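Dear colleague,

Please find the structure below. My notes on it follow.

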Amino acid sequence: MKLTFTIQGGDFTNAGHPSSEVKKVLKQLVIDGKTIKNIVIALYEAEVNVVAHAWKGTVTVEIDEKKITMLVEDEGPGIPDIALAMQAGYSTASKKVREMGFGAGMGLPNIKKNTDELFIESEVDKGTKVKMINYF
Ligand SMILES: Nc1ncnc2c1ncn2[C@@H]1O[C@H](COP(=O)(O)OP(=O)(O)OP(=O)(O)O)[C@@H](O)[C@H]1O
Ligand SMILES: [Mg+2]
């Protein structure tokens, strides 16, 4: 099964739409609750990062019998130093983003904690690709 969604930068109103749709699908597939929770947290954080830090993006989710593969790709400023961005508390979030209640610098560490496999690729001034895999 393959699902695709688009994300608009700055659109906090719809942030969380892809992850809530994926949650519904996984519940129907009778996936273990803890596994669903991990997947939804990881995908939500990746979605919010596109809304908060990038211009626009796409989410592609593939589900098979064994695993879920989630690819969040954006066009945006990119991440110059991924290791630094992965550190808990590191954030470049704007004042506006902080006012929306984001910008604690915990999204990427949270993704790492909640996925089985994480791959991040980024090119400055082009965009970022975050691939997450969770096994059922
Ligand atoms: N898709 C992205 N495009 C550009 N920069 C990003 C992206 N995702 C993360 N970053 C950079 O990595 C930093 C850390 O991301 P992280 O998700 O951990 O924290 P945050 O988004 O700033 O705050 P929080 O997720 O706690 O609300 C961001 O502040 C930003 O500089
Ligand atoms: Mg974040």
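The notes cover the ligand site and then an aromatic pair.

This is a predicted model, in which local features need pLDDT of at least 70 and side-chain atom pairs count only at pLDDT 80 or more, while totals for chains, interfaces and linings use all residues. Residues are numbered from 1 along each chain as its sequence is written, chains are lettered from A and ligands numbered from 1 in the order in which they are written, and side-chain values use heavy atoms, with hydrogens and water left out.

Ligand 1 has 20 residues around it (a heavy atom within 4 Å). His53, Ser91, Thr92, Gly103 and Met106 come nearest. Helix 2 (33–53) and helix 5 each supply at least two residues of this shell (helices are DSSP runs of H or I, at least four residues; strands are runs of E, at least two).

Oxygen atoms of ligand 1 lie 2.8 Å from a polar side-chain atom of histidine 53, 3.0 Å from a side-chain N or O atom of asparagine 49, and 3.1 Å from a backbone N or O atom of glycine 107. The protein buries 93% of the 600 Å² that ligand 1 exposes when taken alone (Shrake-Rupley method, 1.4 Å probe).

The search of the whole structure finds one aromatic pair (ring centres within 6.5 Å; stacked means planes under 30 degrees apart). Phenylalanine 12 and phenylalanine 102 are stacked, at 5.3 Å centre to centre and 20 degrees between the planes. The two residues are 90 residues apart, phenylalanine 12 in the loop between strand 1 (2–8) and helix 1 (17–28), phenylalanine 102 in the loop between helix 4 (95–99) and helix 5 (107–114). Phenylalanine 12 is buried at 12% relative accessibility (buried is under 20%, exposed over 50%, partly exposed in between, with a 1.4 Å probe and protein chains only), and phenylalanine 102 is partly exposed at 25%.

Regards

Terms used: Rings of Phe, Tyr and Trp (its six-membered ring) pair if their centres lie within 6.5 Å; planes under 30 degrees apart count as stacked, over 60 as edge-to-face and the rest as tilted. A polar contact is a pair of N or O atoms within 3.5 Å; within protein, one must be able to donate a hydrogen and the other to accept it, and residues adjacent in sequence count only if both atoms are side-chain atoms.
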